Amino acid sequence: MWPIKNISKIVLATILAFSTISYFLLSTDSASAATTENATVNTKDSDLTVRKGPGTNYKKMGSLKKGKSVTVYSKTKSGWSEIRYNDNKAYVSTKYLLFSPVKITKKKYKNISDLSYPQVSGLKNNKAQDKINQTFTNHAKKAYKSYLKGQQKDKEDYEYKTIYKVKYNQDGKLSILLYDYIYEGGAHGMAVVTSYNFKVSSGKQVKIADILTSKQKYTKVQNYAYKYMSKHDEFYVKKQSDVPVNKNSQFYYTKDGIYLIFQEYDVAPYSAGNPSVKIPSSIYK
């Protein structure tokens, strides 16, 4: 018989590993379609109804307010768009959506299913489009090198994957997160998130330093994030300096500000994944 303490450790390791796999599979589902489009709800007087299937005869799941951003995974000939609502597949009427001109297509580097990355199309400025696509291709090239290292080791328990999530695609701005996941045995692997933010018109990549242009702004954002985290149990920060906000911080755009996104273990336990905190633009402008 194994001691109870050892059994507890095994159970905990299994739970953590399952959580990692579930989290990563859910993330992969966000980029599973070959081509996705971003749109905003464009209703007049009422909210947009969300249904379980492509038709008014399907059960209502909820509603979306005007201006809400959604990712569209496919469109039916009958005039419905497939989206995600509370992490579940859902449908809304296509005629009430205003689509972004930037389309996102899923690619597989060297046709390897574990190495997915985005490419954009539909931009008026071809040079800007090429610049953005080259940035994502460069990321995929680096990921491929790490992938090969694992193949060369010939380790049965080695795994390397890349996935992406489109977080914002409107108002001339584009934010996409790329996750590099590596597993080398043990209870769980690790996922590192890299944010890519662009001005669509020029293809210029925007870094956090382009937004937080002074030490004072960094401090204000750090203080705001700390106050938020101190009120939520999933974070384990004890003081403001425990919140890493610096030139290497990852972020993505939202309608009225940005979201800071943190690496695993930065501010919360492993089970929290890559937590994010919304920072209103009023805090740093």
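Predicted model: local features only at pLDDT ≥ 70, side-chain atom pairs only at ≥ 80, totals over all residues.
Local features are taken only where pLDDT is at least 70 and side-chain atom pairs only at pLDDT 80 or more, while totals for chains, interfaces and linings use all residues. Residues are numbered from 1 along each chain as its sequence is written, and side-chain values use heavy atoms, with hydrogens and water left out.

The protein chain has five helices and 16 strands. Both kinds of element are DSSP runs numbered from the N terminus, with helices being H or I runs of at least four residues and strands being E runs of at least two. The chain has 285 residues, of which 44% count as buried. Buried means under 20% relative accessible area, exposed means over 50%, and partly exposed lies in between, using a 1.4 Å probe and protein chains only. Among contacts between residues at least 6 apart in sequence, 55% join residues at least 24 apart; a contact means heavy atoms within 4.5 Å.

Strands of a sheet pair through backbone hydrogen bonds, either parallel or antiparallel. Here two strands count as paired if DSSP finds at least two bridges between them. Axes are lines fitted to C-alpha atoms, for helices over the stretch in contact, and angles run from 0 to 180 degrees between N-to-C directions. Within the sheet, β1 (residues 35-41) pairs with β4 in the antiparallel sense over four bridges, and Glu37 stands opposite Val72 in β4.

Leaving aside residues up to four places away in sequence, Lys75 touches Glu37, Trp80, Ser81, Thr94 and Phe99. Lys75 and Glu37 are 38 residues apart along the chain, and their C-alpha atoms are separated by 9.9 Å. Lys75 counts as partly exposed because its relative accessibility is 42%.

The loop between β8 (97-108) and β9 holds Lys110. Lys110 is not a glycine, yet it has a positive phi of about 50°. With a relative accessible area of 52%, Lys110 is exposed.

Strand β10 (residues 158-170) pairs with β11 in the antiparallel sense over 12 bridges, and Lys161 has Tyr181 in β11 as its bridge partner. These two strands form a hairpin with two residues between them, and Asp171 in the turn has a positive phi of about 55°. On to the next strand, β11 and β12 (residues 190-199) run antiparallel and are joined by 10 bridges. Lys173 has Lys199 in β12 as its bridge partner. The hairpin of β11 and β12 has five residues between the strands, and Gly185 in its turn has a positive phi of about 100°. Strand β11 (residues 173-184) is largely enclosed by the rest of the structure, because nine of its 12 residues are buried.

A second open sheet to follow has three strands in the order β14-β15-β16, again with antiparallel pairing. The edge strands are β14 and β16, each pairing on one side only, and the twist averages 30° from one strand to the next. β15 and β16 are joined by five bridges, and Ile261 stands opposite Ser276 in β16. Helix α4 (residues 215-230) lies across β15 and β16, running at about 130° to β16. In the loop between β15 and β16 (276-280) lies Tyr265. Tyr265 has a positive phi near 75°, and is partly exposed at a relative accessible area of 38%.

The last feature is a pocket, defined on a 1 Å grid over the protein atoms alone as an open set of points where a 1.4 Å probe fits, with protein on both sides within 12 Å along at least five of seven lines. The second largest pocket contains about 250 Å³ of space. Grid points are joined across faces, edges and corners, and the volume is the space filled by probe spheres set on them. Its lining has 17 residues, with Lys173, Ile211, Tyr253, Tyr284 and Lys285 nearest the centre; lining residues have an atom within 4 Å of a point. Elements giving two or more residues to this lining are α3 (208-211), β14 (250-254), β15 (257-261) and α5 (281-284).
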